[in-house]
Amino acid sequence: MKPQNTSSTNSGSRIQRNSPRSRTTWNVQHTCGHDLPHDLSNRPADKRAGFARWLAARDCTDCWQAGRHSDSADRAQWLAAKRAEEQQAATEWAQRFDMPPLEGPERALEWGERSRHQLMTAAHTALVIEDTWDEADWAEVEEKARTITQAGWWIDQRDADGSDLLELLDAAGESERGTENPFR
């Protein structure tokens, strides 16, 4: 049996940790033109250079946030204009085809009118223009649609296929027909 070595020396060489550490702060020239220092010490040393390149391909935080706020303002403005245009079309359509006003919470009324207009237009296209229905058949569907006065019902059907409208109208219950139902 060999005697045990009590010495703590080992035949392999040890790496001395006296050398300077990897850099943790990187000066990054962003696409917006700002040159900013970034502390990347929370990232592994082998990931810092790649992340610094990624940062350089983007705007700095301040410019990104400023652009984001202006984008959301533009988006909100665009959406408001689109909704106003859709609402005007829905109102004109409802007047032209003698559709009754919808009932329900105030904030749901315009949405319900837009949903009704979109579904009825899609149904007319699917059933009359693209299929074999005639205007007399369509007039019956319009009469049934006039009995549904709850805005919430039209909102709930907003994603329905236009070709399903007749079945949806037949399935509507008394609660969807509102107080102005002439067929009660």
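## Helix α3

The model is predicted. With 24 residues at 1.5 Å a residue, α3 should span 34 Å, and its end C-alpha atoms are 34 Å apart, so the two values agree.

## The largest nonpolar core

The largest nonpolar core has 22 residues, of which M120, W138, W154, L165 and L169 touch the most other members. Two or more residues come from each of α2, α3, α4 (135–147), α5 (151–156) and α6 (165–171). The greatest contribution is that of α3, which gives 7 residues. In soluble globular proteins, nonpolar side chains tend to be buried together.

L169 is one of the residues that touch the most other core members. Setting aside neighbours within four places in sequence, L169 is in contact with V141, K144, A145, I148, W153, W154 and R177.

The loop between α2 (61–96) and α3 (106–129) contains D98. Is this residue buried or exposed? D98 counts as exposed because its relative accessibility is 58%, where exposed means over 50%. The backbone at D98 has a phi near 55 degrees, a positive value in a residue other than glycine.

Methods. Residues numbered from 1 in each chain as written. Predicted model: local features only at pLDDT ≥ 70, side-chain atom pairs only at ≥ 80, totals over all residues. Heavy atoms only, no water. Helix = DSSP H or I, 4+ residues; strand = E, 2+ residues; numbered from the N terminus. Buried < 20%, exposed > 50% of the residue type's maximum accessible area, 1.4 Å probe, protein only. Expected span 1.5 Å × (residues − 1). Core = buried A, V, L, I, M, F, W, Y, C linked by side-chain atoms within 4.5 Å. Contact = heavy atoms within 4.5 Å.
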